[in-house]
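Hi,

Here is the structure I promised to pass on. Have a look at it first, and my notes follow below.

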Amino acid sequence: MSTTMAGSNKNKRLSSILINGVLALICLIWTIPTIGLLVSSFRTRDDIQTSGWWTILPHREWVHTEEFKPDPSLDRDGVMEISGVTGTFQEFRDGIQTPDGKRIIWIGNKRNGTIYVEEREWTMRTDLTLENYQNVLTGKQYQITQADGSVRTEQGDNFTGAFLNSVAVTIPATVIPILIAAFAAYGFAWMRFPGRRLLFTLVVALLVVPLQISLVPILRDYVRLDLNGTFLGVWLAHTGFGLPLATYLLYNYISGLPRDILESAFIDGASHFTIFTRLILPLSVPALASFAIFQFLWVWNDYLVALIFIGSKPDVQVLTMRLAEIVGSRGADWHLLTAGAFISMILPLIVFFSLQRFFVRGLMAGSVKG
Amino acid sequence: MQHSTPIPTATPNGFFGHLATNVGRILISLIVPIVTFVVLWQGFLFLRDSNAPKLVIALVAIVWGVGGVALLYGVANWVVERMSEHWRSHLQPFIFVGPAVAILIWYLALPTLRTFWFSLLDRESVNFVGLQNYVAVLTDRGMQEAFRNNLLWMVVGASLSVVLGLVIAVLADRSNFDRIAKSLIFLPMAISMVGAGVIWNFIYEVRDVADPQIGLLNAIVVGLGGQPQAWTSLIQPWNNLFLIVIVVWLQTGFAMVLFSAAIKGIPAEILEAARVDGAKELQVFFSIMIPSIMSTIITVTTTVVIFTLKIFDVVIVMTGGQFGTEVIATQFYRQYFSNRNFGFGSAIAVILLVAVIPVMIYNLRRFREQEAF
């Protein structure tokens with residue numbers, strides 16, 4: 001009896017180690033991509049282009065220890081002997097290892113080259129800088145040393161403007177649909193009017209309609225109304241696309257509030273508007289917050305809607321558009337991309353971590369019920 | 001903004017006095033909305049045309065947008081509450097529900113019909129061509145590639161997200177650090193797909209064999225003695241899978257959170273009873289856990305499938321739809337906005353809609369079953 005108990009305890013400990021180990025491994029894999037970006041955003045342009053971000057960790061690498069000019073008398077088309085090893089020019093170009101662990105490598109051309117002696121050593125590339133962030137935030141200029149040795153000056157990128165545009169798009173595009181949806185949810189839940197059931201059926205039917213179906217007609221309306229590239233246009237678009245889910249979620253919540261609270265308020269002579277603003281809105285804060293986080297992340301991270309309705313106006317560009325544009329046009333400017341991408345992630349990450357609990361609750365309300 | 005009681009008015013003296021107060025009331029009821037509209041219009045013009053510093057514009061935009069909507073509701077309600085009881089009780093529901101319904105109709109319901117109509121017209125939306133665009137969409141080679149890739153996205157993307165989400169939820173539930181683990185897995189959900197594209201460039205980037213690799217995946221491959229691969233471009237059609245991995249990375253957290261909540265909802269006695277009866281952990285998982293959370297599995301799968309059906313950002317940012325990675329949404333964008341073939345683009349959008357109609361019917365049926373409404 002006691003031996004089987006001990007055996008099962010041992011099994012339990014083993015499976016616990018296994019579970020925690022596997023989970024830790026998954027978490028590590030999941031986190032590495034983001035860490036890579038974060039680390040890269042602090043590395044210099046040259047480092048990003050020539051070595052992996054993980055080289056900031058201790059690793060073994062060939063390190064240059066001495067250099068000298070090859071003896072002019074060597075037969076460069078035949079077999080040469082340098083520092084005790086022999087080989088052809090091509091072999092020296094690729095590097096030859098000496099028995100004592102060094103590497104002899106021929107740098108430059110056949111006639112006029114240099115011999116490098118390298119040793120394998122533990123190193124870290126800890127040359128970190130804030131310059132990428134300065135470049136993207138202030139549009140600071142930076143210099144590139146080109147292959148031929150000349151120096152080219154490039155204009156950095158102004159992300160501050162795009163960041164402010166994103167804020168100006170996202171906050172109203174989050175608050176407006178919530179306000180409109182909350183009014184509608186209250187109306188559906190606590191008022192009786194003709195067509196109520198039909199209109200709410202419309203809300204449910206529109207829950208899964210892909211927004212692609214709307215882009216074309218709405219864009220035509222916007223061109224006609226001169227709303228293209230305006231904040232109002234983008235807010236309304238996001239409002240329209242977020243409204244079915246918002247109304248549905250808030251209806252579920254508001255219709256579930258205890259009936260007697262409202263009835264006693266009615267008896268006291270309060271109007272619908274007073275009850276809504278004084279009673280229902282404060283009571284619905286959890287539901288409002290969980291949808292708000294959803295909508296905030298969705299709008300902040302949106303690319304398609306911004307691309308279609310802002311596309312033509314560069315000075316209203318939001319962060320995702322700016323970022324996607326650099327990916328396209330400045331494929332080589334990874335140092336700007338890293339810092340830019342991280343700046344675009346800061347606000348959603350703050351919102352996400354500070355309001356995580358609401359967010360999870362919202363996810364469950366939206367999906368388990370819907 | 002709250003006017004729960006009518007504004008006190010002087011006792012009317014005779015007919016003219018009565019008329020005067022009424023006219024005054026009507027005038028005020030007209031003037032207030034007009035003033036509101038003028039103020040809001042000025043705000044709109046300022047935002048559209050002003051050259052003020054970005055920060056000022058952003059602040060004004062926020063105050064104007066949020067305040068404007070609240071003001072409109074307040075004013076509309078104020079007007080309605082000044083009316084007689086009869087009118088008020090009939091109109092007030094529409095003050096509450098009306099704006100939402102109007103926006104839904106303008107932004108989603110009507111566009112569905114209009115896009116359908118455009119899909120029956122030619123590329124300039126002038127002549128009626130019947131179903132010709134649909135025939136073209138279904139036979140076009142680029143579209144067939146897009147359909148194939150989208151199917152890959154939906155099958156592989158959804159199953160990977162669901163399976164991984166479930167496995168992680170079960171593991172986290174029994175681990176010693178479930179909160180941290182869940183946060184880490186969930187974190188990518190806060191990142192935009194454009195940002196995720198940048199992040200994954202540092203995984204997939206390929207360099208010449210002779211140079212040090214700066215992409216992690218190729219560094220590992222080369223470290224193990226292999227050849228560096230251009231993961232997202234050259235190895236077709238497998239490059240699609242490497243794009244799908246990015247979205248799995250983003251979406252698994254969503255699946256995990258919902259599964260985790262569902263697993264916590266399974267009564268502990270049932271699990272305990274099965275274990276006492278000698279069921280192995282795997283048996284408990286497959287014959288008790290899975291059936292108990294089946295409805296959550298279906299919901300999560302549907303959500304992820306719809307999400308991958310509309311996938312756009314990742315493909316545009318990573319490959320621009322080149323190298324055989326085109327999907328339906330990128331084709332829609334290309335046909336409509338680059339080729340300006342309005343009929344063809346609209347037909348693609350309608351096909352996207354048709355694909356989600358089963359889910360729509362399911363939702364409506366569930367709604368009809370709710371007796372409370």
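Let's start with chain B: the C-alpha centres of its domain 1 and domain 2 lie 46 Å apart. Domain 1 covers 14-82 and domain 2 covers 134-369, with bounds that come from an automatic or database domain assignment.

Some housekeeping: this is a predicted model, where local features need pLDDT of at least 70, side-chain atom pairs count only at pLDDT 80 or more, and totals for chains, interfaces and linings use all residues. Residues are numbered from 1 along each chain as its sequence is written, while chains are lettered from A and ligands numbered from 1 in the order in which they are written.

Now chain A. You'll find 15 helices and eight strands there (DSSP runs numbered from the N terminus: H or I of at least four residues for helices, E of at least two for strands). Of its 370 residues, 43% count as buried, meaning 20 or more other C-beta atoms, placed from the backbone, lie within 10 Å of a residue's own.

How do the chains meet? In chain A, 92 residues are in contact with 95 residues of chain B (C-beta atoms, placed from the backbone, within 7 Å). Helix 5 of chain A gives the largest share of chain A's side, 16 residues.

The largest nonpolar core has 192 residues (buried Ala, Val, Leu, Ile, Met, Phe, Trp, Tyr and Cys joined through C-beta atoms within 7 Å). Among the members touching the most others are A:I180, A:V234 and B:V314. Helix 5 of chain A (residues 159-190) again supplies the largest share, 22 residues.

Cheers

Terms used. Buried ≥ 20, exposed ≤ 12 C-beta atoms within 10 Å, placed from the backbone. Contact = placed C-beta atoms within 7 Å.
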